[in-house]
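Please examine the sequence and the model below. The paragraphs that follow lead through selected features, beginning with a single side chain.

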Amino acid sequence: MSSAPKKRGSRIEPFRHRVETDPNFFDKSWRKLHDAIREIYNHNASGLSFEELYRTAYNMVLHKHGPKLYEHLTANLKEHLEEMRTSIEAAQGGLFLEELQRKWDEHNKALQMIRDILMYMDRTYILTNKKTPVFDLGLELWRDTIVRSSMIQGRLLDTLLELIHRERMGEVINRSLMRSTTKMLMDLGSSVYQEDFERPFLEVSASFYSGESQQFIECCACGEYLKQAERRLNEESERVTQYMDMKTGEKITAVVVKEMLANHMQRLILMENSGLVNMLVEDRYEDLTRMYSLFHHVAEGHSTIRSVMASHIKETGKSLVTDPERLKDPVDFVQRLLNEKDKYDNIINVSFSNDKSFLNALNSSFENFINLNNRSPEFISLFVDDKLRKGVKEASEEDLETILDKVMMLFRYLQEKDLFEKYYKQHLAKRLLSGKAASDDSERSMLVKLKTECGYQFTSKLEGMFTDLKTSHDTTQNFYAASSSDATDAPTISVQILTTGSWPTQPCSTCNLPPEILAVSEKFRAFYLGTHNGRRLTWQTNMGTADIKATFGNGSKHELNVSTYQMCVLMLFNSADALTYREIEQATAIPAADLKRCLQSLALVKGKQVLRKEPMSRDISDDDSFCVNDKFTSKLFKVKIGTVVAQKETDPEKLETRQRVEEDRKPQIEAAIVRIMKSRRVLDHNSIMTEVTKQLQPRFLPNPVVIKKRIESLIEREFLERDKTDRKLYRYLA
Amino acid sequence: MGMAAKTGRGRVRLNVGGRVFETTADTLASAGRDTMLGAMLDASWNAGGHDDAVDGVAEYFIDRDPACFAVLLDLLRTGTLHLPPGLPEPTLCREALYYGLLDRVRAARAGEFDGDRLRLAASVPGRAPGDGTAVRAAPDGGCCVAHGGAVRVYNWLLEERRPVYLDHAPVNDAAYLDAATLLVAARERPGNRRSDGGGVGGGVAAFSALTGDLRHRFRVAHGRQPRSFTAGALELDASSNRVFASCKGRLNEYGVGVWDCATGEQADFFYEPPGCALGDADKLQWLDNTNTLMVATMFPRTDASFLTLLDFRDDKSVVWSWTDAGTPASLEEKRAVHAVVLEDGRSVCVVNQYDDLGFLDLRKNAGAVRWSSRSKLMMASAGKNKKAAAAARGYEETCYPKLAAHGGQLFASTNDTISVFSGPDHVLTSTLRGSGGGAICDFSIGGDRLFVLHNEENVFDVWETPPPAII
């Protein structure tokens, strides 16, 4: 056992703090990567081992060489890019973009592989230290070294803008090259695309379109100009889809819209002989559609079109309703209004995509001009009268419905709906009593329309008229049932019992009825008053009709359909051959004006001359004599002698109706005031005015002066009083 | 893929550290193009044909450990992770990081978070006993624990990173801006005052969660004059990228500070209106659906509890508030000690010192707390726990209950237990009791994990949902 050598051997080794790594480890490893990157850029990567390179980079990062590796990589990539830049700069003319593109593709491919090698660094060192990842670093270097280098930046932009300009001028360019170039800019980040391409592109486009629009507007009509603008807009958005970022679409559209449309809006819309008014007049749907859709992009665009259209409608409408020529034929007058309405409904429907705001403008324009003529309510009622009289004879019931619906549109525009009601009542009465109402269904359908439009109150009296006719029919039947045994020889009468108030009041002008008729009517009176207590019956002889059988001197027999007045006159000739006007007037006691009209229609209407007048003049004087026309012939057995048809009122009549309407309005205004005051108790003058106007608007537009008068009248009658301290306040007195 | 076309059958032979594996190109490609294996098989790296091809099957050599590779290849093939005994998890993770498969490993380790299926995954002992203030989950599954003047940071493998200090000032709260950035709110220390008015300690600062380096200090200026302050609770609004913190300045500048995360500059300051204790707030919660910030200042930090909703738009205003100040002060009185706005943004859940849950409607002002008896915590063993709670209160600083809402479930801590409530009526569905580190002083949910910080010795427990069963 030898201990000494052992002791010597147990020498304590100096403690080694750390394992020394190869001092050249980084340089050796980097050399490997450096060479590999060179091979990659030279398209010679097939000999490289990915696993080896990845492991090398991994080890470098693992041994804390991340920062140094990143630094070396950055410098190395820059060197390669500078080489590329030289070759891009050397490319001549049209080859410039192609060379740029080729190098970009190469760089992208290389960058992908370099990133693969350095993936571990991306995941660890770069993430922890918030550095730019390898791929993005490559893009940033490309941007700074190439795209934004002094020799390339300007040249690239000029080339792109030049190509776009050439395309705008009609040349064909290499779109796929454009696409890949702009895509490169987008890949470098949206800010690069925007700053290095989009912004200058928009500026150049603005000046291009500002020039072009100036040129067009000097020589083109509005429609033609809009066609050009539309074409340019389509071209630009197509260009964007072909080779730009989608977001540029909105911006370039805004530029074109501003330069070509917004800047010239007033001039285009108001252009003489081809602007909006012209398109409206000529119903140029296509141009109108284009104008509508193009100016959709412009602020105030649609509102400008709308206001020009509205003022045009008002102007033409005003000249239509105030033209004295037009006042002669009410039916034509209303038909023209309807045509005008149809025209604009069509335009708005077809060209303005049924835009609500345009419809509103149309409505307010119509409302504006229709009420310029205070005879509009009368004319519209006359138009309806005309349609309902002719009724089914001319048009099918469906067509009639559509016409009535359209009339209701006009009715809605009326401010004085109560005036319309007045006329409608008169016309309806005449239609019903003369049996000229063509279709009961259509009459009722019109009533329903009015009812839905204005409420129950508006039509209650009109409905009362229908009820009266129905009960009258029953009463007449009952009358004959009760007196069937009596003289069968007496003339048959059919009595219409009209409730006072429901029907238009007429000055009651009685006449002397022929004795035969008088007897029957007195019998009826007895019958009626016998069944209905406490009623009063007055004969309205001016409203009746009669069928009389006549045998003329030449032997011809006819049945004549005449008015009650005419009947009275004709019956006189049963006992006389010839009578003078004065004699007739004395015998019948018909008012002079009516009698003259009645004689004219018997003696002067061609083909229906039942009487002969001596002398044969148009005017009737007191001494003119009349006799039965023995030579009367007619192809028809039944001959209808014209009665005075409903027609527009004469001036004095008009004045009278107006006065009646004004009179009727007074209680309505008072009722409204009382209703309002009852709920509010105290109110100032202006508020009453607005509230009353609001309440009555559906029927008519009350005149402020009239309202004031009504208030005063109510104060007099102690419904209201003025406040003692504030004279502007009114109080309701319960 | 060029490679696959050449071999015809798409087979690949890998020699990993001497052991040969055979698989298909598709299996490897399923890892993704941005992984080592995906790149290795990509056409750009195989352009020149493969010299090592034998029988038409491409062969690659990888200089790594074969045992780990076997596990990872199995993961690519099956989507599940099976760790054989004797293979430490950190080793596997190191290899996964090499191949770029770490995310896959993480995803395969645990299932989607479900409060009713949690399993205790780990218990990590802390360092300084008894003074833990907060635990915060990181979005990537890591966490941090604030105690005393430090924040200890753990990655998702629960390995400790470098701790974070803000001048060693006492930390009130911490929050993850993202997985790599940690915000810390700290108390200003009295006396430590500079001539320029800016104190040294305290305030809000951003740190790298990976390295512990200070990135940015968020400053508060009053009347253009920068002032030092004590920061309380922190909250983030991800949609507008803003940070909120309750602040107490030296000169009574109390309120809620707002900073823009992108610039790091102060964006706004909501000065405390009378009757709302904003500067002392325990908890801030950003409500996305109403664009408001819930500020909770709770008993016992203040004498009464205050809940406030702040609207920071145009004219800053208080849109809703509630307080229990002024209620009779009896000993048995129920005081709300923590609050959380439920995920529908319509009501606040509060909890009192007796572990009752209560609810407040955010759509009505001046409402009262609706205490819920049905959701009473720990019903099953009430007697035993009351005793334990009383004992706990007797000799040490009390850990008041806390609340959190996540994935439609409500979580409440009481003593050493977390209760999980589910459904619209908040029915108790699970109770979690961990490693026995004493009462729970804070918990946090994030990155598919629940972190629970216990009072004694700063043990924190990590709960995970196991992956769904295969069969």
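In which helix of chain A does A:Arg232 lie? A:Arg232 belongs to helix H11 (residues 222–243) of chain A; helices here are DSSP runs of H or I with at least four residues, strands are runs of E with at least two, and both are numbered from the N terminus. This is a predicted model, in which local features need pLDDT of at least 70 and side-chain atom pairs count only at pLDDT 80 or more, while totals for chains, interfaces and linings use all residues. Residues are numbered from 1 along each chain as its sequence is written, chains are lettered from A and ligands numbered from 1 in the order in which they are written, and side-chain values use heavy atoms, with hydrogens and water left out.

A:Arg232 counts as buried because its relative accessibility is 3%, buried being under 20% relative accessible area, exposed over 50% and partly exposed in between (1.4 Å probe, protein chains only). Leaving aside residues up to four places away in sequence, A:Arg232 touches A:Arg168, A:Phe208, A:Tyr209, A:Glu212, A:Val256 and A:Met260; a contact means heavy atoms within 4.5 Å.

B:Leu92 is placed in helix H5 (residues 89–99) of chain B, and B:Leu92 is buried, with a relative accessible area of 1%. Beyond four places in sequence, B:Leu92 touches B:Cys68, B:Val71, B:Leu72, B:Leu81, B:Leu83, B:Leu87 and B:Val105. B:Leu92 and B:Leu102 are 10 residues apart in sequence, and their C-alpha atoms are 9.1 Å apart in space.

Back in chain A, helix H21 (residues 417–433) has 17 residues and reaches 24 Å from its first C-alpha to its last. That span is close to the 24 Å expected at 1.5 Å a residue, the expected span being 1.5 Å times one less than the number of residues. Of the 17 residues of H21(A), 16 are buried. Just after H21(A), A:Gly435 takes a positive phi of about 65 degrees.

Two charged side chains lie over rings. A:Lys417 is over the face of A:Phe411, at 5.7 Å from the ring centre, and A:Arg431 is over the face of A:Tyr424, at 5.6 Å from the ring centre. The criterion is NZ of Lys or CZ of Arg within 6 Å of the ring centre and within 35 degrees of the ring normal.

How many aromatic pairs are found over all chains? The search of the whole structure gives 38. Rings of Phe, Tyr and Trp (its six-membered ring) pair if their centres lie within 6.5 Å; planes under 30 degrees apart count as stacked, over 60 as edge-to-face and the rest as tilted. The pair of A:Phe479 and A:Phe527 is tilted because the planes stand at 55 degrees, with the centres 5.5 Å apart. This pair links distant parts of the chain, 48 residues apart: A:Phe479 in helix H23 (residues 456–482) and A:Phe527 in helix H24 (residues 515–531), both of chain A. A:Phe479 and A:Phe527 are both buried. B:Phe269 and B:Tyr271 also form a tilted pair, 4.7 Å centre to centre with 50 degrees between the planes. B:Phe269 is buried at 5% relative accessible area, whereas B:Tyr271 is partly exposed at 44%.

Confidence remains to be considered. Chain B averages a pLDDT (the predictor's confidence in each residue, from 0 to 100) of 82, and 85% of the residues score at least 70. The model scores ipTM 0.76 and pTM 0.68.
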